[in-house]
Amino acid sequence: MAQSYESTRNFQLKAAASEAVLKGIADDGGLFVMRDLGKKKVPIMSLPGKSYMEIAEVVLSILLDDFPEEKIKECVRKAYTEKFSTPEVTPVVKVGENYVTELFHGPTSAFKDVALCILPHLMTASYEMNKMAGEIIILTATSGDTGKAALEGFKDVKGTKVVVFYPLGGVSKVQELQMVTQEGENTFVCGVKGNFDDAQTGVKNIFTNKSFNREMAGRNKFLSSANSINIGRLVPQTAYYFYSYAKLIEEEAVKLGDKVNFAVPTGNFGNILAGYYAKMLGLPINKLICASNENNVLYDFIKRGVYDKNRELYRTISPSMDILVSSNLERLLYYMSGNDNERVKDYMDRLNTSGRYEILDQMAEKLKEDFYGGCVFKEDAQKTIKRVYEEYGYLLDTHTAVAYKTLEEYKMDTKDETVSVVLSTASPFKFAGSVYEALYGKTNVDEFALMEDLSQKTRVKIPENLKEIKNKKIRHFEACEVNEMEGFVAKASNKRINEVKND
Ligand SMILES: *Cc1c(COP(=O)(O)O)cnc(C)c1O
């Protein structure tokens, strides 16, 4: 089998794509990257007229190069046929002079669905390809969005169970209800008495507990992760960049070969990195516009070439971007350094010990060629939501507003007139309170009443999945201390699926 992937930190740690999907992370803590990324290109001229699924097949077969074509087709079909509320999967709409690609029509109304709907199928396919037998148990600690998207993605997928830990009192009311009402016989949800870091550390400890893993393996149970460092989450996101471009050609907004910009609300750097992959695979991208909120580590990094996480973490109205260590940046460093594993390892060691590293001048220059960094704070994000709604009748969520405004600033700053696409990462109703406040001022009404009110006032429909949770039965009541998390996983692993049904 072609071992096209290697650890960012050591080129000797090789893996086939399917192995990388199963492992999630390399043994030395590095991330899996394809050394020859870009050698094989996506034929751009063949894209217009193709459906989302057809485009995803083309892109995935290049990046997951040991998967048989039939397998890829099957995974794509299972992921995107029924779970998205529109057959386009990620519709592209015109807003003012820009375009917006809506990534939020999946089962949890956030862009993470695009990857988490297909990851379970890529995992089970990888499992078969590597002739493994048994059950995969997905462990996830979540600060809100990932947990629900993972639960929905893995729900009732044969041969898998999914266990999600969230910090009690640390997620929004809507997010908690989304998780505790989760259906599916193979889903397990537990509130942890602690904050997100405690839950995350608890999960990491379970992954690295050798005796626990051995004991599980003895019963043919294997732990895996649905975290965004898994290539199975990154790779599917590349497809919507190509899809957006195909739509722009179909609408005659650009001609074949013309360049476009993409503006991306960024946290862990997974979404925008997929854009860089698309560029390497031949998509004519001019600039990738990296938009941050008050937690603007990446803005500083792109400007100065210094990554410094030694600062306070702010809680903002775009919580899914509240992050100080953007894990997927490690993959970009690998490519920017010309596949220099030792250099990446050195930077990551520095990040671990001092929380800071500085890249070479030539890397910093290359970074600026491909990326533009901006940051937008609360007041400007709110103003943008209000103005875009008033001018164009289009409702942005709090994350997308950050990217929209950053794009406007970029255009002012550079006078660049290249056609631009904003990636929209969440339904405005997922953050109804903040969106409502931006439009009509503060209120104390409860989230669900607010959703209704917002919908009536703006005439934008509430996604069914969000509307439904109010009336759904709570199915998950468990809570535990951090040191009881392992026990919870053990118990979940022991449950026979048909027993869970009558639980
Ligand atoms: C996760 C998330 C982001 C950030 O995406 P990254 O890939 O982590 O950069 C932005 N917006 C929303 C709504 C998200 O859920």
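## Helices α6 and α7

Helix α6 (residues 145-154) packs with helix α7 (residues 173-180) at an angle of about 25 degrees, and their axes are 9 Å apart. Because angles under 35 degrees count as roughly parallel, α6 is described as roughly parallel to α7. The crossing of these two helices, α6 and α7, is left-handed. All of these values are computed from a predicted model.

On the α6 side, the contact is formed by D145, G147, K148 and L151, which meet Q175, Q178 and M179 of α7. Classified by side chain, the residues of this contact comprise two nonpolar, three polar and two charged.

## Helices α14 and α16

The crossing of α14 and α16 is right-handed.

In this pair, L332, L333 and M336 of α14 meet M363, K366, L367 and D370 of α16. The contact of α14 with α16 holds five nonpolar and two charged residues, with no polar residue among them.

## Overall architecture

The protein contains 23 helices and 16 strands. Its radius of gyration is 22 Å, close to the 23 Å that the globule rule gives for 503 residues, so the protein is as compact as a globular protein of that length. Taken along the principal axes, the box filled by the C-alpha atoms is roughly 60 × 55 × 50 Å.

Of the 503 residues, 59% count as buried. Contacts between residues at least 6 apart in sequence include a share of 75% that join residues at least 24 apart.

I302 is placed in helix α13 (residues 297-304). With a relative accessible area of 7%, I302 is buried, because the cut-off for that class is under 20%. Apart from neighbours within four places in sequence, the residues in contact with I302 are C290, L367, K368, F371, Y372 and G373. One of these, L367, also belongs to the residues of α16 that meet α14.

Between I302 and N209, which are 93 residues apart along the chain, the C-alpha atoms are separated by 37 Å.

## The surroundings of D416

D416 is located in the loop between α18 (398-414) and β15 (420-424). Its relative accessibility is 16%, and D416 therefore counts as buried. When neighbours within four places in sequence are set aside, D416 is in contact with N261, N286, Y410 and K411.

D416 and K287 are separated by 129 residues in sequence, while their C-alpha atoms are 9.9 Å apart in space.

## Positive phi at two asparagines

Most residues other than glycine have a negative phi. N220, although it is not a glycine, has a positive phi of about 60 degrees. This residue, N220, lies in the loop between α9 (210-218) and β9 (221-225). At 41% relative accessibility, N220 counts as partly exposed, because that class lies between the limits of 20% and 50%.

N339 likewise is a residue other than glycine with a positive phi, near 60 degrees. The position of N339 is in the loop between α14 and α15 (341-354).

Conventions. Residues numbered from 1 in each chain as written. Predicted model: local features only at pLDDT ≥ 70, side-chain atom pairs only at ≥ 80, totals over all residues. Heavy atoms only, no water. Left-handed = near helix turned anticlockwise from the far one by under 90°. Helix = DSSP H or I, 4+ residues; strand = E, 2+ residues; numbered from the N terminus. Contact = heavy atoms within 4.5 Å. Nonpolar A, V, L, I, M, F, W, Y, C, P; charged D, E, K, R; others polar. Rg over C-alpha atoms; globule rule 2.2 N^0.38 Å. Buried < 20%, exposed > 50% of the residue type's maximum accessible area, 1.4 Å probe, protein only. Axes fitted to C-alpha atoms, helices over the stretch in contact; angles between N-to-C directions. Parallel < 35°, antiparallel > 145°, perpendicular 65-115°, else oblique.
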